[in-house]
Amino acid sequence: MEQLEKRILAVLLVVALFLPLFVDDYALHIVILACFFIMMASSWNLLAGYSGQVSFAHMALASSGAYTSGLISVHLGIHPVLSILVGAVVAGLVGLFLGVLTLRMKDSYLALTTIAFAEIFRLVISLEYKVTNGKVGLSVPGLFGDITSKLPYYYTAIGLVVLMVFFGIYRLVYSNFGLTVRSIREDEIAASAMGVKVVRHKIIVFTISSAMAGVAGGFLAHYNQLVSPEMTTITQMGMVISMAVIGGLGTFIGPIIGGLSLEIIAEYVKEFGNYHLMIFGLILILVLRFSPQGIAGLITKFHNRKKKKVSTSASTEKEVQK
Amino acid sequence: MDFLVPLLAQLTNGLIIGFIYALMALGLTLIFGVLKVINFAHGEFYMLGAYISYIASRMLGLHPIIGIIAAVAVVFIIGMLMEKALLTPIYEDKVERKDEYALLITFGLSIFLMNGALVVFGPYQKSPEPLASGVLDLGVLSVSSGRIYAVVLAIIFMAATLFIINKTWLGTALRALSQDRDASTIMGINAKTLGSIAFGLGAAMAGAAGALLAPVFLVFPIMGVVPAIKSFVIIILGSMGSIKGAIYGSLLLGIVESLGVFFLSPSYRDGYSFLLLIIILLVKPKGLFGGSQWNN
């Protein structure tokens, strides 16, 4: 599977690198948004898929990073590159706070608290219009100043995905730390009996994934040059969760495929009306109910079957030779 | 005295809203008690109840009371069907991580219903026929009689549920299930059917709350999000699965909100619940009513 994963990712990356030669700005815009969602879905998957903690505040955390970065760059005149990092730190700290507050208890407490946090966060930023400019949204400077071309943003988005997801999350998941975290998801009691500090590991994962959401949110803010409370709604969170689950929860490649394909589908369905979220909700339910491994699971199944066919035919050949 | 009257008015309002929250939270706690599942689509059952009462009273021209009863009945059936369709794999050991599955699938249901309503009804705010118009004068303060009717009906619904839980065979079976699923199955209780009934009942209570509050807060697709979050806070506040906790927690939340509106700022009405949640998680994370025993 790991070999297959690497091959698919390499193909995607090569296509992404040469894509701007063939398509227009609108297509690039969609890919940039897809990159944002890939970062969100992958970091959410790190949390939910690998460590088994379902959080509904991922979008709110991204938006906390976005607002922090936006406000700093507007008021202090700091370059967005730095302010995005500050935003990530703030998002990480908020995640740490939520984690310390809830992760001692059962999983459902995290889900309940984060969903409440997300809504209240949205309420606060919509109401504090003196600071955040309310529902209209805060305009922030672009990452590359006033450039109208999408190309630099496009390559930055690809670069961020490579850096954060292909290297960061991949390394994390397949490291000792990742193994420990997965053991917690499989069996918390057994893991703690083996000497794993369960709560501490959960909190660390939650903080890392929050900070990643902060980076993604900050990038999107300085790409759109606007931060608005719209990003924090439950339905947007539903979009991220659909991407991760439909792609394949707990698989590395799932959220990447899910994020990319669902964003593209969403853009094209939007032309006919606001059906995409209803459709995604339905697919989300169906995937969970009937094929919990999602698209990644289907790919593996298909791949294994093919391999089996090859190997069985090879063995029959051998028998014939005997 | 000038200071007291508006405070009293706010407190009355808080209590009124508290009773409606209680109806919703009771449904959530009922589902959690029997199925050990937190229903993240609870707010959408609330929304469905509101839309059904709207359809009944405005489009079909029925009496508002009939609209509310229709909402309860239809949401009960929808809830049962959803439980049968989506949650059965949990008890048949077909899923590996049950909590996670239940969380995500009810959340998926919530996204589906919310956006489905958006597609079918559009994003516009609608208002069903109110139960009563006019204002009830209580001496120092006056309350709109529509709200009074809503509270009275909410209390009747709650009393009916408590009666079912505490006094009937069905309730005894449900309580047994909440204590020990396997043991009660051995005793001949049909856990599957009763699980569906419990989920239907819980959903119907959210539907009832939605139908009752629809004339006050208007009907629109995402109307269920905030009330659902409040009932999440309430069941943490009053200990998950505790019926007493759900009722007292709701009243407490209603009062805290009205005090917050009075002393701090009215625009943050929905924010105080989160403050309360943080305090409870820091001080008494298991909630005010201790363990998860269901029959207290």
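Student: Hi! Which residues of chain B does UniProt list as "transmembrane region"?
Tutor: The unreviewed UniProt entry gives 12–35, 55–81, 101–121, 148–170, 191–212, 245–265 and 271–289 of chain B. UniProt positions follow the numbering used here, feature names are shortened, and annotations may be inferred rather than shown by experiment. Keep in mind that this is a predicted model, where local features need pLDDT of at least 70, side-chain atom pairs count only at pLDDT 80 or more, and totals for chains, interfaces and linings use all residues. Residues are numbered from 1 along each chain as its sequence is written, and chains are lettered from A and ligands numbered from 1 in the order in which they are written.

Student: How much helix is there over 148–170 of chain B?
Tutor: That span is 96% helix and 0% strand, with its end C-alpha atoms 31 Å apart. Helices (H or I, at least four residues) and strands (E, at least two) are DSSP runs, numbered from the N terminus.

Student: And what about 55–81 of chain B?
Tutor: Here the chain is 85% helix and 0% strand, and the end C-alpha atoms are 21 Å apart.

Student: Switching to packing: at what angle do H2 and H8 of chain B cross?
Tutor: Roughly 50 degrees, with the axes of H2(B) (42–59) and H8(B) (191–217) coming within 7 Å. Axes are lines fitted to C-alpha atoms, for helices over the stretch in contact, and angles run from 0 to 180 degrees between N-to-C directions. H2(B) and H8(B) are therefore oblique to each other; angles under 35 degrees count as roughly parallel, over 145 as roughly antiparallel, 65 to 115 as roughly perpendicular and the rest as oblique.

Student: Which residues meet there?
Tutor: Among them are B:Phe45, B:Tyr46 and B:Gly49 from H2(B), and B:Ala203, B:Gly207 and B:Ala211 from H8(B). Contact needs C-beta atoms, placed from the backbone, within 7 Å. By class, this contact has 13 nonpolar, five polar and no charged residues (Ala, Val, Leu, Ile, Met, Phe, Trp, Tyr, Cys and Pro count as nonpolar, Asp, Glu, Lys and Arg as charged, and the others, Gly among them, as polar).

Student: Now the two chains: how many residues does each give to the contact?
Tutor: Chain B gives 37 residues and chain A gives 35. On the side of chain B, H4(B) supplies the largest share, 16 residues. That side has 28 nonpolar, five polar and four charged residues.

Student: Last one: how many helices and strands are in chain A?
Tutor: Chain A has 14 helices and two strands. Its C-alpha trace spans about 85 × 55 × 35 Å along the principal axes.
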